[in-house]
Amino acid sequence: MVLTGQTIGTNEKAALRIFDLCGVTMRKKLSIVGRGTVGCLATAQFLKYTDVDIDWIYNPKVMPASVGEGTTLLFPLSLKNALGLSWSDLNALGATPKTGIYKEDWASSGNKFTHSFPCGATGLHFNATAFQNYVFDIIKGNPRVNVIEDNVSDYSKVDADHILVCAGSPKYDDGLIKHEEIPVNAAFVTQCYWDFPRFTDTLTIARPYGWVFGIPLQNRCAIGYLYNKNINTLGEIKDDVKHVFEKYKLEPSETTNSLTFNRYSRKINFTNRIIYNGNSSFFLEPLEATTLCLADTFNSHAFNVWFNDVPLSIANDAYARDISDVKAMILLHYMAGSAFDTPFWEHAKEKATTFIKSLFTKNDAFAYNVIRILDGKKIDLDVYNALNKTDDMGTWMDTSFKTNIHNLKIDGLLRSYNEDKICTKRYSKPNWKTHYGGAIPYAV
Ligand SMILES: Cc1cc2nc3c(=O)[nH]c(=O)nc-3n(C[C@H](O)[C@H](O)[C@H](O)COP(=O)(O)OP(=O)(O)OC[C@H]3O[C@@H](n4cnc5c(N)ncnc54)[C@H](O)[C@@H]3O)c2cc1C
């Protein structure tokens, strides 16, 4: 029996348990839509941590994103936990260990610092397309996976108890919260081939019209210029990025990619039948490489909702909290400004400052915890709900915030916004049996 086109209520769950007691195995059926980086990660994790059968559906005519090649510390652990990958496997992905995020000309001219990762922990730089193909090849022969090439246009017709939608960017409509304080909405990416990686940190370089990432892979460095298409032209970007090629002695190739994007998240992301992840769920921007880490966390929340009876409201709350924290962490950078006094930076600084100030006025948990961090205290996790089990706020830990805030020279500014209120909202922490879908080994 497969329950189709409806949510499973309490009665159905009770019935399923009776079947279980009678020794009849009732396995749920899950559909995962999309085989981009997030769909691949999700399929690997649900295969590993559940016994469900999975229909893995994707439209072969819609290519997955080839960007998204730098990660936080969580992603390599997830690959180890879900797929058993080791560093030698990662050679197939052109991957290199990522030791930190180097920043140049943020806050002021000549300002240089590294958001350095703790000794013994690394993120990854990896070839996104190679990753998607590698995981697809490992998984496609699994007897519990039914790979289906199809275009899903109506989710109510999908034959599954649960559907994880990782189908790329949604229509930019009223179902989304729009995060237009993020000042960039376009990217120009150039592949620069080399014989070996010349550095191990991701580069993030402030430029007059935005900022530039440099992701060092084994055989190439991906240089991406993030900018605002309403303020600057692609021609200006192509011209300005030459400064980065010259400074880092990189040879630009003809392999380039010009793309635009929205900044959004879902008003409601988690329901009993459909949960969204990856670009289908949210996107802010690439600064600090938070997207895949969040997607990993939201896979865990999906697992907890569908397989551990965690209430939907808790998952939706945790989602909104994480998006807000990551957005705030990104905007701290723009609030600090840069070496450049241009229309882009004027716009970016103004939007970011307004947003960050509003968090202090609302006495948001982020503002409260930022001041705790500056005071040398630990992040207070009681202001978050029970699904936030790590010591991180958003995707990064207190030491990351300290490094960024101090080197962006905004300690004093943030303190000046603080009205010495105490964040009084507290969540009770029922002891659900939660499971992090492989993201965090010690919680498994
Ligand atoms: C310039 C740039 C740089 C970035 N850098 C980083 C970074 O360094 N780190 C980071 O964490 N993130 C980064 N990101 C974000 C990252 O690229 C995305 O989070 C990620 O690629 C999203 O992948 P996805 O699997 O959600 O979607 P996609 O890759 O878009 O995959 C969508 C899949 O859905 C399928 N599909 C679509 N429609 C249908 C349909 N109707 N029916 C069936 N199948 C369908 C497609 O065939 C495809 O397989 C960056 C983003 C940008 C724009």
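Me: What span should the 19 residues of helix 9 have, and how far apart are its end C-alpha atoms?
Reply: This is a predicted model, and helix 9 covers residues 343-361.

Me: Within what arc do the buried residues of helix 9 fall, seen down its axis?
Reply: The buried residues of helix 9 are F344, W345, A348, A352, F355, I356, L359 and F360. Seen down the helix axis, they line one face, because they fall within an arc of 145°.

Me: Which residues are exposed on the other side of helix 9?
Reply: Buried residues of helix 9 include W345 and F355. On the other side of the helix, the exposed residues are P343, T354 and T361.

Me: Against which elements do the buried residues of helix 9 pack?
Reply: The packing partners comprise both strands and helices. The strands are strand 12 (210-216) and strand 13 (220-227). The helices are helix 8 (312-335), helix 10 (365-374) and helix 12 (411-417).

Me: How many of the seven residues of strand 11 are buried?
Reply: Strand 11 covers residues 201-207. The strand is largely enclosed by the rest of the structure, because the number of its residues that are buried is seven of the seven.

Me: Does strand 11 run parallel or antiparallel to strand 4, and which residue of strand 11 is the bridge partner of I101?
Reply: Strand 4 (residues 100-104) and strand 11 are joined by five bridges and run parallel. In strand 11, the bridge partner of I101 is T202.

Me: Which element gives the largest share of the shell around the ligand?
Reply: Of the 34 residues around the ligand, those that come nearest are G34, G36, G68, G168 and G278. Two or more residues of the shell come from each of helix 2 (37-49), strand 2 (53-58), strand 10 (186-193) and helix 7 (291-307). The largest share, three residues, comes from helix 2.

Me: How many residues of the shell around the ligand are charged?
Reply: The shell contains 18 nonpolar residues and 14 polar ones. The number of charged residues is two.

Notes
Residues numbered from 1 in each chain as written. Predicted model: local features only at pLDDT ≥ 70, side-chain atom pairs only at ≥ 80, totals over all residues. Near = placed C-beta within 6 Å. Helix = DSSP H or I, 4+ residues; strand = E, 2+ residues; numbered from the N terminus. Nonpolar A, V, L, I, M, F, W, Y, C, P; charged D, E, K, R; others polar. Expected span 1.5 Å × (residues − 1). Buried ≥ 20, exposed ≤ 12 C-beta atoms within 10 Å, placed from the backbone. Arc of directions from axis to C-beta. Contact = placed C-beta atoms within 7 Å. Pairing = 2+ DSSP bridges.
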